[in-house]
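Try each task before reading its solution.

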Amino acid sequence: MMRLPAFKYLAPHSVAETVLMLSSEGPGATVVAGGTDLYPNMKRRHQVPKTVVSLRRVADLRGTHAGADGSLRIGASTTLMALERDARLKAERPALWAAVRSISTPVLRTMGTIGGNVLLDTRCNYYDQNLEWRRAINNCLKCEGDTCWTAPGSDRCWAVNSSDSVPVLIALGARARLSSPRGHREVPVESLYRDDGISYLTKDHDEVLTELVLPPVGPWKSHYGKLRRRGTFDFPVLGVATALRFDGDRVAEARIVLNGVGSSPLRCTEAEGFLLGKRIDPETAKAAGEIAFRPAKPLDNTDFENAWRKKMVKVYVRDGLLAAK
Amino acid sequence: MSPHGNAAGKPAAQKRAKKVTLTLRVNGEDHEVLFAPHKTLLEVLREEMGLTGTKHGCELGECGTCTVVVDGEPMLSCLMLAVECDGREITTVEGLSTAKGPHPLQEAFADLNAAQCGYCTPGFLCASKALLDRNPSPTREQIRDDLAGNLCRCTGYAKIFEAVERAAAVMRGEPVPPPPGNEDLGGAAPAQGEVTRGA
Ligand SMILES: Cc1cc2nc3c(=O)[nH]c(=O)nc-3n(C[C@H](O)[C@H](O)[C@H](O)COP(=O)(O)OP(=O)(O)OC[C@H]3O[C@@H](n4cnc5c(N)ncnc54)[C@H](O)[C@@H]3O)c2cc1C
Ligand code: SF4
Ligand code: FES
Ligand code: FES
């Protein structure tokens with residue numbers, strides 16, 4: 001049996017109580033929402049928290065609120081299935097809806113939350129293994145070892161950001177609200193991440209993600225494309241979110257965000273700049289794909305051969321731009 | 001950030017995790033159960049309550065064989081804490097049949113040979129029950145989508161989808177064709193106790 005290590009279980013009823021518990025329990029305490037990322041990690045002994053603080057009884061973190069101005073607030077504990085069943089989300093923000101629906105499996109989406117998805121651990125073939133497997137290779141930098149098997153000789157971890165919702169949230173200009181014993185703050189979702197497979201989040205240990213705030217859709221058009229082996233279960237090997245705002249038939253603003261190619265989501269700023277003032281036709285989309293392809297550096301630590309994954313960036317960016325048009 | 005614990009040494013709590021007593025409502029009955037708070041629903045069902053119909057496969061969310069129904073929704077018992085199940089209505093494969101007999105899904109799985117080794121079957125039955133309770137007339141596409149978190153290494157899925165469609169028809173009160181007989185197996189079934197071997 002893959003059993004969880006023992007821990008102290010706490011079930012606060014409010015965000016204020018949660019952050020106090022987290023700070024008084026110290027860095028050995030972890031928050032859990034749906035547990036579909038944390039519990040497999042704990043079973044594999046990636047994380048062995050002393051205390052698990054569950055958000056299950058914190059009712060005000062669940063649900064969505066549409067603002068009169070067309071903005072949307074999504075509570076961090078809203079399940080992925082609740083978002084998938086939200087007809088308004090599907091109609092107004094189809095790229096986010098499609099990204100959510102592409103996550104894992106229906107039963108996992110029934111349990112997993114959007115907040116957990118945003119804060120998902122980074123992934124690597126040498127890391128996402130059980131304890132015995134990892135011991136056989138003497139572990140790796142991300143968990144108790146001193147070598148990175150993906151890039152031996154490297155002094156950092158290259159584990160991959162694999163969250164499906166994140167590229168779309170960034171492309172849609174979403175902001176994240178965080179609470180801690182020191183108060184609240186709101187930051188662009190993009191700034192939650194750091195390009196480091198181990199220390200991949202910029203948030204403090206006792207900070208809880210409470211809400212995602214999406215601005216009004218306005219004239220933005222967007223799309224999410226996901227590359228993976230099977231049509232279900234699998235994490236993205238590459239995910240591409242594209243969002244475009246037009247002035248007439250010319251691009252006034254563009255956002256292209258990738259997952260699966262680095263430890264943080266990758267914003268393709270050069271390709272975005274290239275698109276300004278242009279019409280989206282097959283040639284322009286292809287050229288933007290060529291530009292986006294350059295900074296993407298997938299390493300050999302997920303499914304599929306990395307050279308092919310890099311090539312797929314061209315294809316997915318091109319197709320994503322044409323689909324968002 | 002989550003702490004990276006010392007995997008080699010046991011955390012202090014491991015030595016004597018304090019148990020809790022909780023009333024779990026399983027298959028329509030309340031059960032008072034004593035268990036440690038880090039136990040999954042899967043462990044409590046199988047090891048504390050003797051309900052071994054729920055199977056354990058990957059125990060990491062990657063196969064679906066541990067699926068049970070919680071408050072009408074399919075859930076993976078391997079990734080749920082039993083302490084979080086108080087006040088919730090849990091249905092396992094043992095709770096599908098009634099005094100009248102097996103559940104139409106169980107009948108249909110048997111009639112159409114939708115189980116071969118049978119290890120995935122309890123999970124498929126629970127996920128399918130949740131689906132049919134929510135949507136009595138799912139299309140093939142909806143069945144395929146909804147069962148996309150359950151793996152079967154034997155049947156190739158076609159028989160499973162057909163069985164869910166057959167059960168749905170029975171539950172809607174529609175007539176269904178008689179089940180295929182043993183002639184489909186290419187000969188008479190072996191008498192009970194008789195051993196048949198391959199070449
Ligand atoms: C088989 C399998 C397939 C999967 N496939 C995919 C996939 O295709 N795409 C994908 O993106 N994901 C996938 N996942 C990962 C996971 O199921 C989802 O990302 C899910 O949304 C995680 O949400 P959760 O609520 O279960 O997170 P948890 O496991 O509860 O939490 C995840 C992390 O976030 C932290 N956390 C959660 N909520 C908060 C909060 N409000 N404030 C502060 N910290 C918080 C936790 O401490 C933990 O570190 C898969 C998982 C499995 C097991
Ligand atoms: S990228 Fe290197 S250090 Fe990071 S998890 Fe993989 S093998 Fe370990
Ligand atoms: S045992 Fe729960 S999903 Fe495999
Ligand atoms: S019948 Fe054997 S795994 Fe499905």
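**Exercise 1.** Work out how the shell around ligand 2 divides into nonpolar, polar and charged residues.

*Solution.* Begin with the classes: Ala, Val, Leu, Ile, Met, Phe, Trp, Tyr, Cys and Pro count as nonpolar, Asp, Glu, Lys and Arg as charged, and the others, Gly among them, as polar. Sorted this way, the shell has ten nonpolar residues, two polar and one charged. Next, look at who comes nearest: of the 13 residues around ligand 2 (a heavy atom within 4 Å), these are A:C124, A:C140, A:C148, A:C157 and A:W158.

A word on conventions: this is a predicted model, where local features need pLDDT of at least 70, side-chain atom pairs count only at pLDDT 80 or more, and totals for chains, interfaces and linings use all residues. Residues are numbered from 1 along each chain as its sequence is written, chains are lettered from A and ligands numbered from 1 in the order written, and side-chain values use heavy atoms, leaving out hydrogens and water.

**Exercise 2.** Decide whether A:C268 is buried or exposed.

*Solution.* Recall the cut-offs: buried is under 20% relative accessible area, exposed over 50%, and partly exposed in between (1.4 Å probe, protein chains only). A:C268 has 2% relative accessibility, so this cysteine is buried. B:C78, at 1%, is buried too.

**Exercise 3.** Find how many disulfides (cysteine sulfur atoms within 2.5 Å) the structure holds.

*Solution.* Over all chains, the count is zero.
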